[in-house]
Amino acid sequence: MSVLRTTTLHKSFFTTALVGVLLSTSAAHADEPAGDEEELREAPSEPEKHYLRTAVFEALALAGGTAWYWIDRERQVADWDFPSWSSRLTTDVMRYDNNPFHVNFAWHAGNGSSFHLIGRANGLSLWESVGAGLLTSLVWEYALEYREKVSVNDLIFTTGSGLPMGEFLHVMGRFFHEDERASQWAAARWTAGFPMALSRALDGDAAPSLANAGPIWHTMHLGYELGVSSATVSDDGADHILHSVHIDGRFVRMPGYLETGVWSRRFTNAEFTRATLDASGASGGSAVKIFADTTLLGWYGQQMHAGSEFLSNATMVGVSMAYRYRREQIGAWDDRVGVLHLPGLAADAHLSRGNVSLDASARVHADFAGVNALSNDEWNAAYPNEVGKTVLRKMGYYYGYGGSVALAAELRYRSVFLGGSLWAARYSSDEGLDRTQEDLTVDQESSDQILDVEAHLRIEDLPHDLYVETRFESRQRDAKLEEFETSATLRRYTLGVGVRF
């Protein structure tokens, strides 16, 4: 999906984790039903494919974007480079753009999700939808933005982040149509499940029945949180009160998942997907965090026993892609991180016995990222006559590559959940592809180390499906821009209440 110049291959990379297929040799206990093996292995049915309708909807999405592009012409003019048509077919015209951070890492992710979701809602397979989204993005970059150089970051990020985000929204939309309880929520079907609702409305009486699609295993939380954050940046910090909305969801489209039975199967249709959203407001600023993770393919096996005296277990090993966005500006704390987690290793494990269960997960990815440079002001003050990276000079962030590891675990006893997570990442800037590379006098090198730690205690099964939760979050940033180094720390404590469904 990405095209990089030869001069930067030593610093730019993509890696795809290789996952071995495990063989299941488990046998069921004599007093337990193993379940109908063919039924358990059967993937959820898919609706009819509408290729022409997909093309029309993708074209309408492009038309809407084009209208906005020309209505907002005064701001777009600043990005016009007027490359020749012949140069647009060469790698020389491929550069990193210098658009605002939220445009490149939130808006483009939203566009990519829409392109992907259009294909999925009209019956296309996972990879057909990825292809439709990629083609739509290429048309935008090469044809509709013909007055601009081709943005390498957009080519990478739009389709890449659109896959995990779009897949989660697609499965959530199907959930609101297929789940016996959720299907009663008409408002949800026509908001969160709008693409699926529109597609089925257009099909009318010809819409396929989803009754035999199999249940979608799910867990979702929607809540309000009151919290306090304490940030320290270069020994300067203050406390701020936060009001937040928290949404999270996890879906598994695999009949028999965590139900009584002993079986295993391979999967290739992104059966595991999850996402979270946090939006906060404070007297000193605001914060938005988005995360989506989809396991594209892999192997799943379980030994789930009916008797509470037995230890049940389930394991998933696969290849996942994920998207992460964080823009927090609260007092002295200014953190902007946009990450496309490239195909990497995913592993989930479940253990349970009686009223106790333990869930754990691990993710290892190579990443493409945009990160704000904490030392940018110091560098500019020290070198006022130098011309550095355009995106650093105008927007204060850089494009880079690196890797990350994410670990999480949650212990449950009855309706009490105790859990935590860790995300560690390291990124280094990419040089040689600045929008005005020929004008630079210094192509600054930047690097960042990020460590996020979270812990939570949640009580569920309260009346009316309510839950209460308290969370602690810690974020550590160690940034370097040439010889300038900056460290920043954020501590956040929240108490929330919400509904589980």
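This is a predicted model: local features need pLDDT of at least 70, side-chain atom pairs count only at pLDDT 80 or more; totals for chains, interfaces and linings use all residues.
Me: What makes up the protein in terms of helices and strands?
Reply: The protein has ten helices and 15 strands. Its accessible surface comes to about 22,000 Å², and 60% of that belongs to carbon and sulfur atoms. Buried residues make up 50% of the 501 residues.

Me: Why is Ala270 called buried?
Reply: Buried means under 20% relative accessible area. Ala270 has a relative accessible area of 0%, so Ala270 is buried. You will find Ala270 in the loop between strand 5 (261-267) and strand 6 (272-282).

Me: What is there to say about the phi of Ala270?
Reply: Phi of Ala270 is near 55 degrees, a positive value in a residue other than glycine.

Me: Asp465 also sits in a loop. Why is Asp465 called partly exposed?
Reply: Partly exposed residues fall between the 20% limit for buried and the 50% limit for exposed. Asp465 has a relative accessible area of 27%, so Asp465 counts as partly exposed. Asp465 is not a glycine, yet its phi is positive, about 60 degrees.

Me: How do you know that the length of helix 2 agrees with its number of residues?
Reply: Helix 2 covers residues 51-71, which is 21 residues. The expected span is 1.5 Å times one less than the number of residues, so helix 2 should span 30 Å. The end C-alpha atoms are 30 Å apart, and therefore the two values agree.

Me: Which residues of helix 2 are buried?
Reply: Arg53, Thr54, Glu58, Leu62, Gly65 and Tyr69 are buried in helix 2.

Me: What makes a group of residues a nonpolar core?
Reply: The largest nonpolar core here has 39 residues. Tyr96, Phe105, Phe157, Phe251, Phe368 and Tyr399 touch the most other members. Several elements each supply at least two residues of this core, among them helix 4 (101-121), helix 5 (126-144) and strand 7 (285-304). Helix 6 gives the most, with eleven residues.

Me: What does Phe157 touch?
Reply: Leaving aside residues up to four places away in sequence, Phe157 touches Asn104, Phe105, Ala109, Gly162, Tyr323, Gly338, Val339, Leu340 and Phe368.

Note on methods:
Residues are numbered from 1 along each chain as its sequence is written. Side-chain values use heavy atoms; hydrogens and water are left out. Helices (H or I, at least four residues) and strands (E, at least two) are DSSP runs, numbered from the N terminus. Buried means under 20% relative accessible area, exposed over 50%, partly exposed in between (1.4 Å probe, protein chains only). Accessible areas come from the Shrake-Rupley method with a 1.4 Å probe; for residues, only the protein chains shown count as cover. A nonpolar core is a set of buried Ala, Val, Leu, Ile, Met, Phe, Trp, Tyr and Cys residues joined through side-chain atoms within 4.5 Å. Contact means heavy atoms within 4.5 Å.
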